[in-house]
Amino acid sequence: MKKEQVVNCQFSVWYPIFKKFTIKSSILPLPQNVIDYLLDDGTLVVPEGSSSLQQTHNNTSDSEADDDVQWSDDESTETVKAPEFPDFNAKVLEAINALGGRVFPKLNWSAPRDANWIALNSSLECQSLSDIFLLFKSSDFVTHDLTQPFIHCSDDDSPDPVISYELVLRKWSELIPGGEFRCFVKEHKLIAISQRDYTQYYHHISKQEHSISHSIQGFFRDHIQYKFLDDDYVFDVYRDSCGRVWLIDINPFGPVTDSLLFTWEELTSASRLTASQAQDDMPQEEGPAFRYTTSEVTVQPSPCLSYRMPRDFVDLSTGEDAYKLIDFLKLTETETTLDVKEKVV
Ligand SMILES: Nc1ncnc2c1ncn2[C@@H]1O[C@H](COP(=O)(O)OP(=O)(O)OP(=O)(O)O)[C@@H](O)[C@H]1O
Ligand SMILES: [Mg+2]
């Protein structure tokens, strides 16, 4: 994977080419002060005008304390002021309204998929800039875009291309995970298709394997092949309930992109890929190898679970599980350590 391939997979590069076949979106340049705010580790203070919590580092006077959460009694430290981005905020709100009031946010390449648990609705659906900031500031995937977009590139001795950072707002769409597929293209040829949400078994996929594969191949041939700037890339699609295929995203052909039910070793080797249902005594069909989860037995935990908070932490902090709290207090009384279970919310 070369740096140029990563550059070509930026949303603002592919969106104008494939606008007709994807979800309606807006692209806003990200001002430098917003980038600095997103990269600043110390503040989780959402901008003025939002109703969400603000973080202060001192005891504020009663008159201004109502909306503020006080994290410390230390009077010597100064108040962290909520940053203000009035012009940018106005542009974002205008774009959100033009997209129907609910959007899915991402940066040049990544969405904050690892942070949805922190949002009040446990979703990436946003209606304001503060919703977006809360997700972005909690996401390692967003930080990856901002700090190391060219990691894993083979031409790492060449200078990094200059990136203009952008906020991408996509019209919110209720996508059913069983309709999402990731497609791998090598030398302009569609070589592999994987179920995107491979952690679940979807009965309809095994039942409609051939029609799903054919509709994706047709979509690729008619609308994608030879139109993208590279020979090798990975595109994500959504097949809706009418069987119509939509483009969701384009990703670099390399280890920064999750290879799902394939491995990068298989995808980059010259040998022929096998499909989920391939049998040794049956000749394999021409066309891409199609893999999907074939039974409930192979169901796995969601890959983003490891980004969440352990369930015990949440239960203790909210006091939701009284017995756990009592156990915890007993343990701290006897100065033993709490054995936090690896359960996650
Ligand atoms: N407009 C939208 N409305 C609602 N959900 C969406 C929308 N666009 C994408 N999604 C959901 O979010 C998921 C991630 O979207 P997307 O592929 O754009 O993010 P990404 O960061 O590029 O992911 P990856 O790292 O896997 O490439 C999709 O699989 C889909 O389920
Ligand atoms: Mg992507």
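This is a guided tour of a predicted model, going from the whole protein to a ligand and then to a few selected residues.

Residues are numbered from 1 along each chain as its sequence is written, and chains are lettered from A and ligands numbered from 1 in the order in which they are written. Because the model is predicted, local features need pLDDT of at least 70 and side-chain atom pairs count only at pLDDT 80 or more, while totals for chains, interfaces and linings use all residues, and side-chain values use heavy atoms, with hydrogens and water left out.

**The whole protein**

Begin with everything shown as a cartoon, where the protein has twelve helices and ten strands; these are DSSP runs numbered from the N terminus, helices being H or I of at least four residues and strands E of at least two. Of the 345 residues in the protein, 44% are buried, a word that here means under 20% relative accessible area, with exposed meaning over 50% and partly exposed in between (1.4 Å probe, protein chains only). Switch to a surface, and the accessible area of the protein comes to about 19100 Å², of which 51% belongs to carbon and sulfur atoms; such areas come from the Shrake-Rupley method with a 1.4 Å probe, and for residues only the protein chains shown count as cover. Among contacts (heavy atoms within 4.5 Å) between residues at least 6 apart in sequence, 67% join residues at least 24 apart.

**Ligand 1**

Next select ligand 1 together with the 18 residues that surround it, the closest being Lys106, Ala111, Glu180, Arg196 and Asp249; a residue is near a molecule or strand if one of its heavy atoms lies within 4 Å of it. Colour this shell by class, and it shows six nonpolar, three polar and nine charged residues, where Ala, Val, Leu, Ile, Met, Phe, Trp, Tyr, Cys and Pro count as nonpolar, Asp, Glu, Lys and Arg as charged, and the others, Gly among them, as polar.

Colouring by domain instead, with bounds that come from an automatic or database domain assignment, shows that domain 1 (24-171) and domain 2 (177-298) each give at least three residues to the shell around ligand 1. At least two shell residues come from each of strand 4 (103-106), strand 5 (166-171), strand 6 (180-186) and strand 9 (245-251).

Now display the polar contacts, that is, pairs of N or O atoms within 3.5 Å; within protein, one atom must be able to donate a hydrogen and the other to accept it, and residues adjacent in sequence count only if both atoms are side-chain atoms. An oxygen atom of ligand 1 is 2.8 Å from an N or O atom in the side chain of lysine 106, and the corresponding distance from a ligand oxygen is 3.2 Å for the side chain of arginine 113 and 3.0 Å for that of arginine 182. On its own, ligand 1 has 620 Å² of accessible area, and the protein covers 87% of this.

**Helix 6 and serine 139**

Move to helix 6 (129-137), which is largely enclosed by the rest of the structure because seven of its nine residues are buried. Those residues are Leu129, Ser130, Ile132, Phe133, Leu135, Phe136 and Lys137, and their cover includes helix 3 (32-39), helix 5 (86-98), strand 4, helix 7 and strand 5.

In the loop that runs on from helix 6 to helix 7 (140-147), select serine 139, which is buried at a relative accessible area of 1%. Its side chain makes a polar contact of 2.7 Å with the side chain of aspartate 114, and, residues up to four places away in sequence not counted, serine 139 touches Pro112, Asp114 and Ala115.

**Proline 149**

Continue to the loop between helix 7 and strand 5, where proline 149 is found, buried with a relative accessible area of 10%. Beyond its neighbours within four places in sequence, proline 149 is in contact with Val6, Trp109, His144 and Tyr165.

Select isoleucine 224 in helix 9, a buried residue with a relative accessible area of 0%. With residues up to four places away left out, isoleucine 224 touches Phe18, Phe219, Tyr233 and Leu247.

Most residues other than glycine have a negative phi. Tyrosine 226, in the loop between helix 9 (209-224) and strand 8 (233-239), has a positive phi near 65 degrees and is exposed at 59% relative accessibility. Finish at leucine 260, in the loop between strand 9 and helix 10 (264-268), where phi is positive at about 50 degrees and the residue is buried at 14% relative accessibility.
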